[in-house]
Each structure stands twice: as structure tokens, then as C-alpha cells.
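Please read this note with the structure open beside you, and go through the points in order. They move from the whole chain to single residues.

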Amino acid sequence: METQPIANRSATLDVGTDWRLYAGAQDVLKTFRRVPVHFVDITALSELRKDAHTSVHTLRQGKLLTPEQQANPKTYADCIHWCLPGLPDTWNQFLYARIVSSASTQRQE
């Protein structure tokens, strides 16, 4: 039921992102020399979107989750299957732009 973006940027936003994993992924990408790997960085963007975070308020096989299932977000949280446009659509736009720009660059070579 969120309809507004995060307004209070003075407080630290802690949504559980493990930034050590983020740094580790960046470090691994730096080691690739022969295989072209491109990192589409959506992490910070996702941090600032309320709709980017997992929720246990969803349906499973047409039924609402039970309180026991809602208490187990590692198994039942769902952040990918939204019914409304949102952050995954933004991710897709970034990915599409990256693919198109790569194809354009390859044609010029």
C-alpha cells in the first residue's frame, strides 16, 4: 500500500543490503580480462525504492500466506512477481539500454 517515494533521506535507510557482497562482486568483475562482462549496477537505485524490497504479503497458488508462512520470509518472500509496474521494469529498461548500446558499438567496429 505504498504510494509515495522515500521522503526522509536524512535518516539512514537500512533495508538489509549486504554491501560487502556488492563490493565483492565489483572486485570479481575487475579480474575478468578475456571475457567481456558488464555490470549493470541497480543496487543503490533499488535501495531507494520502497517497492524493491521483499514482501510476504502475497498469494501462493491463489491463497494468502498463513501467519506461519509470513513469519518465514527466507522461504516465502517474493520481490520479483509484482502485479503493478515498478522496479523490475526499471531494471529491464537499464538492461535493454545496455544490450542495445553494446549491439550499436559492435556494428560500428
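The points below concern a predicted model.

1. Begin with the overall layout, where the chain holds 5 helices and 2 strands.

2. Next, consider how the chain is covered and connected. Of the 109 residues in the chain, 12% are buried, and the accessible surface comes to about 9300 Å², with 57% of it belonging to carbon and sulfur atoms. When contacts between residues at least 6 apart in sequence are taken together, 54% of them join residues at least 24 apart.

3. Which residues make the nonpolar surface patch? Val40, Leu45, Phe94, Leu95 and Ile99 make this patch, which covers about 400 Å². Helix H5, spanning residues 87–108, gives the most to the patch, with 3 residues.

4. Leucine 95, one of the residues of that patch, lies in helix H5. Its relative accessible area is 43%, and leucine 95 is therefore partly exposed, a term used for values between 20% and 50%.

5. Finally, look at glutamine 69, which is found in helix H3, residues 67–70. A polar atom of the glutamine 69 side chain lies 2.9 Å from the backbone nitrogen of threonine 66. Once neighbours within four places in sequence are left aside, glutamine 69 is in contact with Leu64 and Tyr76.

Methods. Residues numbered from 1 in each chain as written. Predicted model: local features only at pLDDT ≥ 70, side-chain atom pairs only at ≥ 80, totals over all residues. Heavy atoms only, no water. Helix = DSSP H or I, 4+ residues; strand = E, 2+ residues; numbered from the N terminus. Buried < 20%, exposed > 50% of the residue type's maximum accessible area, 1.4 Å probe, protein only. Contact = heavy atoms within 4.5 Å. Areas by Shrake-Rupley, 256 points an atom, 1.4 Å probe, with all protein chains shown as cover. Patch = residues over 30% accessible without salt bridge, like charges linked within 9 Å, V, L, I, M, F, W, Y side chains within 5 Å. Salt bridge = Lys/Arg side-chain N within 4 Å of Asp/Glu carboxyl O. Polar contact = N/O pair within 3.5 Å; in protein donor to acceptor, adjacent residues only side chain to side chain.
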